[in-house]
Each structure stands twice: as C-alpha cells, then as structure tokens.
Amino acid sequence: MSGINIKDIRPVKESSQKEMIWSLEKILETDIKLFSQKFNDKNKEAFYLELSTLLVAGLDIKSALELIEEEQLKKEHESIIKEIKENLINGDSLWEAMQKSSHFTPYEYFSVQIGEETGKLDIVLNQLYQYFNTKLKQRRQFVSALSYPVIILITSIGAVSFMLLFIVPMFSDVFKRFGGELPYLTRIIIKISLMIQSNFIFFFVLAGVVALYLYLNRDEIWMKKYAAKLIWYIPVVGKIVYSIQLARFCSSMSLLLSSKVPIIRSINLISQMVTFYPIQTTLEEMAKDVMNGESLHVGMSKHKIYSKRMVSLIKVGEEVNRLDTFFEKLSKQFGTDAEHQTSLLNTFLEPAMIIFLGLVVGFILLAMYLPMFEISTSIGG
C-alpha cells in the first residue's frame, strides 16, 4: 500500500495521550491506495489534445497546465500535471519537466523538445495526440474483434468440460448396468472423460504454472521472439498484429521526420519505445547501416518484416526528400489494412467458433446416444 508513509507515523509514547491521538488521526487522514492509477495512453491522448488546443487558443504553457490540472478527476493524475507545472515554474522547459516525470517515454519528451526548438510545439502536441488516438483506436478494434470469439471459446470449453465431467459419467453408469460392448465412439468419449476426471487438478495446476511462467518471462528476449513467431502463424490475427505494429512504426517515423529530427536519432528514439520484437531487433541494425552511409531503404530491405512494396516507397521518399509524407501514407495504409482484417475476423471467426462448438457437443451427444439406440433396437427385436 503506497499511501502510508512510515515517516509520517510518529513513535507513540504510553505517557502521552495527545501523541497517540495525533498519530491515529494522521493514519486515518492518509489515503491508502491498493492500486496505482497510471498515466496510460488514454490519459495521454486527452492531455496532448487539451494542451495543443489551449496553446492554439493563445494561452501560455503554465496557464494551460493549470487548467488541465483542475480538470483531473484522479489525484494521482492531478499530481503528475502539478509536478510538470512546478518544474516549469522552476525554470525547466516543457520537455525537461516531462523528462523528470517517470510517466513519459523518451519518444514523447524528445518530440516536445523538437517542437519547442522549432517553434512548432502546438503542431507536435497535436501529432502526439493523433498518434495515441490512432493507437487506442487500433487497440479497441482488435479487442472488439476478439472479445466475442474469446467468450464463445471460454463457453465452449466450459460446456464440453461440464459434459465430460458430469454428463458422460452418468451415461457411463447406466451403460454398465446393461452390460454388453459399447460402440467405438462411446468408448473413446468415456476414456477421455475418465482421464479428465482423474487428472483435472493436475491439468488445472499445470495450466496455472505455465501461465505464471509465461507472465514472469514476458520481457525476456526468447519469449518475445517465440511469441512473435506464434502470432504470425495464427490466421488473420497475425496479419492484424503485424499491420498495427507497422502502422505505429510508420506513424512514429512520420512524426519525428516531419519535426526535422535526423533519421538516425529518429530510429534511436523509436527503439526506446517499440516493444514488438520483429521491429525492435531491426532498428539498431538500420541505424548502424545509415551511419555507415547506406540509405534507409537499403537497411530496411535486409529484414523480412518490411515488404518489398514498403521498401520501394521509402526509396522514392528518400529520392524526393519527402520521407515523412511517405511514412504517413504507409501508416494510413497499414491502419486501413488492419481495419479490413479486423472486419474479416468479425465476419468469419464468430460463426466458425459456433460451428466448432456445435460439432464438438454434437459428437459427444452422438457418442452417448448410440448405445441407447442399440439397446432400443435390441429390445424392439
């Protein structure tokens, strides 16, 4: 619990009742927070939009930050804006004040620095707003596309598990009373049911251990590498994830290059915020290639994640000295492609999951009713 500061709790002397009362009041007045409210992408989107709008309206940075601070509903967000404002009053520039806060990435405060140095701070802030707006939009689309199929999948697993753990054993007991040899399908389902019953706790614990192990190692290089490969081989989903990540990369490059940031510095800044392994591993090599005198498109052509079409467009952008424009167009194209793939996912995945659930449940029911058909046939005969 981060709200209680041990230094605020004074030693309580038995002979001093006033000190005891004061200490208790101090504890009761302290905010006890179980979960820290982070300054997430949604908060940053609103922050950059409001700040850029207020600056365009003619307010100075200090007055704009004061207005934004008053609008905050959460104390932690209010303290973040207040910290930036106080650093600004103490003589720091906006990017230095943001740098001293742990809630902004190098990509963000170096972009703001460039905006301040070039006199285009409002434009840079608006571009940062557009970046986070697009990022959130893509995330919402992806989540909305997968939410319903995931619910169906969880329901399917629950329904099949319930049938194998409870319904099949009931039929199995009935079949034992009648005797005789059961059909092949029925024997298979009964064996699966017995295996799950006897090893249910083991499978449950094993799944929990594997999930915990993967979560604790999520930042390891080998984990990022194999996760990226696994994502790529998932139909439709892999293309969506890769399109979204490439759109963010192109959007970041467009933002920095349009602010007149050198290519090498732009790549280094983006490498500090990109977490997607296939792109992250290419940035350092691309920066070295550019430092050695090679063109950006030549460095990109060495990596499979960048398509030939993308490399060709970047080559044209370098030749006409309009790289920022071409990266912006590529970002929009990748974003459009991600939206199209998401719509396909919504169209085909949901009915496919429902059909799969129907087939599995139908297979189990068929296996359970086959012996009853044979019994009724033999009785009728």
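Visitor: What does L256 touch, leaving out residues up to four places away in sequence?
Guide: L256 is in contact with Y107, S111, V261, S266, L269 and I270. Keep in mind that this is a predicted model.

Visitor: How far apart are L256 and S266, C-alpha to C-alpha?
Guide: They are 6.0 Å apart in space, and 10 residues apart in sequence.

Visitor: Is L256 buried or exposed?
Guide: L256 has a relative accessible area of 1%. The cut-off for buried is under 20%, so L256 counts as buried.

Visitor: Which helix is L256 in?
Guide: L256 belongs to helix 10, which covers residues 237–258.

Visitor: Next, the largest nonpolar core. Which residues touch the most other members?
Guide: F249, L296 and Y306 do, in a core of 70 residues. Helix 10 supplies the largest share of this core, with 13 residues.

Visitor: What are the contacts of F249, not counting residues up to four places away in sequence?
Guide: F249 touches I270, I279, L283, M286, Y306, M310 and F327.

Visitor: Now Q341. Where is its place?
Guide: Q341 sits in helix 15, residues 323–380.

Visitor: Why does Q341 count as buried?
Guide: Because its relative accessibility is 11%, and buried means under 20%. Beyond residues up to four places away in sequence, Q341 touches V236, K239 and I240.

Visitor: And N321, where does that lie?
Guide: N321 is in the loop between helix 14 (308–319) and helix 15. With a relative accessible area of 67%, N321 is exposed. Its phi is near 60°, a positive value in a residue other than glycine.

Visitor: Change of topic: helix 3 and helix 4. At roughly what angle do their axes cross?
Guide: The axes of helix 3 (residues 61–71) and helix 4 (residues 75–89) cross at roughly 165° and come within 9 Å. Angles over 145 degrees count as roughly antiparallel, and helix 3 and helix 4 are therefore roughly antiparallel to each other. Their crossing is left-handed.

Visitor: Which residues meet there?
Guide: From helix 3, I61, K62, L65, E66, I68 and E69. From helix 4, they meet E78, I81, K82, I84, K85, L88 and I89.

Visitor: How many of those are nonpolar, polar and charged?
Guide: The contact of helix 3 with helix 4 has seven nonpolar residues, no polar ones and six charged ones.

Terms used: Residues numbered from 1 in each chain as written. Predicted model: local features only at pLDDT ≥ 70, side-chain atom pairs only at ≥ 80, totals over all residues. Heavy atoms only, no water. Core = buried A, V, L, I, M, F, W, Y, C linked by side-chain atoms within 4.5 Å. Buried < 20%, exposed > 50% of the residue type's maximum accessible area, 1.4 Å probe, protein only. Helix = DSSP H or I, 4+ residues; strand = E, 2+ residues; numbered from the N terminus. Contact = heavy atoms within 4.5 Å. Axes fitted to C-alpha atoms, helices over the stretch in contact; angles between N-to-C directions. Parallel < 35°, antiparallel > 145°, perpendicular 65-115°, else oblique. Left-handed = near helix turned anticlockwise from the far one by under 90°. Nonpolar A, V, L, I, M, F, W, Y, C, P; charged D, E, K, R; others polar.
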